[in-house]
Amino acid sequence: MRHNWTKEEVLDIYNKPLMDLLYEAATIHRASHNPNQVQVSTLLSIKTGGCPEDCGYCPQAARYHTDIEGNDLMSVQQVKAQALRAKSSGSSRVCMGAAWRNVKDGPEFDQVLEMVRTINKLDMEVCCTLGMITENQAKRLAEAGLYAYNHNLDSSEEYYKEVISTRGYQDRLDTIDNVRKTNVTVCSGGIIGMGESAEDRAGMLVALASLSPQPESTPINALVAVEGTPLEEQQPVSIWDMVRMVATTRIVMPQTQVRLSAGRTQMTREGQAMCFFAGANSIFAGDKLLTTPNPDVNEDMEMFKLLGLEPMKPFVKKAQPETVEAQYSEYKALGEKPKWTRPGHTIERNEEAKAAAKSVKA
Ligand code: SAM
Ligand code: DTB
Ligand code: SF4
């Protein structure tokens with residue numbers, strides 16, 4: 001396992017002749033993973049829209065005018081019903097997303113902890129993506145039975161500044177570090193197709209591969225360009241870029257589960273098959289990601305059948321965590337006031353999208 005990849009080395013891998021790249025990635029993939037098994041996660045947006053952040057790709061940022069329906073935090077019962085549905089359709093993991101900048105101690109976080117306990121007791125892997133979290137919050141999630149925490153680096157440190165101004169790259173690394181202080185696994189990846197260069201893609205992979213240990217899972221998202229967001233005019237990434245990105249991720253992070261994430265509605269089965277061959281071994285299933293469409297579960301299961309793939313069972317890579325009930329919890333809410341940063345530099349296209357939203361709302 002190498003943690004000292006350089007950007008030049010990673011870029012050289014990314015730019016290899018495609019057949020050499022595929023062969024190398026597939027060989028590395030087969031040494032550590034069953035190439036016919038794919039882990040299936042279901043996304044659940046437990047709190048949608050109205051987010052204070054300015055992430056240029058995101059339809060849930062309140063400052064842009066997008067056509068999504070916002071929702072307050074779901075109830076534990078609603079979440080349980082959705083988790084049971086996901087389980088019966090072959091999913092081993094539920095990933096709950098909230099449109100928050102960071103977690104705040106209080107009744108809403110307590111409710112999320114109860115969701116974690118409930119899903120873990122259904123014998124499914126539970127993942128959360130709730131924005132930035134402190135060490136104490138990570139420990140409370142771990143105690144509730146959280147299996148994974150998703151927090152993406154999104155891009156290279158340099159290109160990140162062109163997309164988000166309301167939090168810094170280091171804040172993201174600090175959140176990942178807080179998760180690492182528990183036995184919750186780390187899920188961290190990013191997005192391609194935001195206008196970044198191949199160097200930026202390599203830079204993001206260097207940042208991820210340098211984490212020690214490397215993330216247990218890495219989502220590779222193709223940007224879903226949503227009308228009203230600053231990135232609405234980005235052209236879809238080509239399948240060749242996606243395959244190269246997946247293969248390079250596999251080579252620099254041999255043990256990680258590489259997830260084919262947002263953007264699959266744009267991909268053919270042949271394209272996805274090439275990604276699985278190149279080392280992708282996880283997908284998001286279900287007809288919706290957080291707010292945008294995803295292929296239908298039945299279509300995915302047909303694709304699995306066609307390719308001879310089978311969904312992975314839960315807890316194959318790591319044992320199921322134990323759930324501690326709220327009344328026996330070792331941890332109290334500390335009500336910390338962490339100093340997450342807000343760089344606040346101007347990103348021209350974000351400002352334009354914000355101004356356009358203001359004029360629509362006026
Ligand atoms: N609010 C939390 C946060 O940002 O940390 C969690 C939810 S956020 C929607 C999770 C991730 O979804 C982002 O980091 C980004 O990588 C991905 N994402 C959001 N919008 C996307 C889009 N339009 N296309 C592709 N990926 C997207
Ligand atoms: C991740 O890397 N991709 C997922 C999950 N982690 C939370 C989210 C994709 C969101 C795509 C846009 C949307 O549906 O709102
Ligand atoms: Fe908010 Fe997360 Fe969307 Fe950024 S990516 S605007 S933090 S929901």
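This is a stop-by-stop tour of a predicted model.

**Before you start.** Residues are numbered from 1 along each chain as its sequence is written, chains are lettered from A and ligands numbered from 1 in the order in which they are written. In this predicted model, local features need pLDDT of at least 70 and side-chain atom pairs count only at pLDDT 80 or more, while totals for chains, interfaces and linings use all residues.

**Whole chain.** Show the cartoon. There are 12 helices and 10 strands; both are DSSP runs numbered from the N terminus, helices being H or I of at least four residues and strands E of at least two. The radius of gyration is 19 Å, close to the 21 Å of the globule rule for 362 residues, so the chain is as compact as a globular protein of that length. That radius is taken over C-alpha atoms, and the rule is 2.2 Å times the number of residues to the power 0.38. Along the principal axes, the C-alpha atoms fill a box of roughly 55 × 50 × 40 Å.

**The core.** Select Val94, Val116, Leu141, Leu146, Tyr149 and Val246. These have the most contacts inside the largest nonpolar core, which has 96 residues. Such a core is a set of buried Ala, Val, Leu, Ile, Met, Phe, Trp, Tyr and Cys residues joined through C-beta atoms within 7 Å. Buried means 20 or more other C-beta atoms within 10 Å of a residue's own, exposed 12 or fewer, partly exposed in between, with C-beta atoms placed from the backbone. Now stay on Val246. Beyond its neighbours within four places in sequence, Val246 contacts Ile220, Val258, Cys275, Ala278, Gly279 and Ala280 (contact: backbone-placed C-beta atoms within 7 Å).

**Strand β9.** Select residues 280–285. Six of the six residues are buried, so β9 is largely enclosed by the rest of the structure.

**Val38.** Go back to β1, where Val38 lies. Val38 counts as buried, with 24 C-beta neighbours inside 10 Å. Leaving out residues up to four places away in sequence, Val38 touches residues including Asn281, Ser282 and Ile283.

**The ligands.** Select ligand 1. The ligand has 17 residues around it, the closest being Thr129, Asn152, Asn221, Val224 and Ala262. A residue belongs here if its C-beta atom, placed from the backbone, lies within 6 Å. Move to ligand 2, surrounded by 17 residues, with Pro219, Leu289, Leu290, Thr291 and Thr292 closest. Strands β2 (93–98) and β7 (217–222) each give two or more residues to this shell. Finish at ligand 3: select Cys51, Glu53, Cys55, Cys58, Gln60, Ala61, Ala99, Arg101 and Gly131.

Most residues other than glycine have a negative phi, and most peptide bonds are trans. Select Ser212 and Pro213: the bond between them is cis, with omega near -5°. Pro213 sits in the loop between α8 (198–209) and β7. Next, Asp123 has phi near 60°. Asp123 is in the loop between α4 (107–120) and β3 (125–129) and is exposed, with 12 other C-beta atoms within 10 Å. Last, Phe315 also has phi near 60°. Look for Phe315 in the loop between β10 (310–311) and α12 (348–361); Phe315 is partly exposed, with 15 other C-beta atoms within 10 Å.

Terms used
Two residues are in contact if their C-beta atoms, placed from the backbone, lie within 7 Å.
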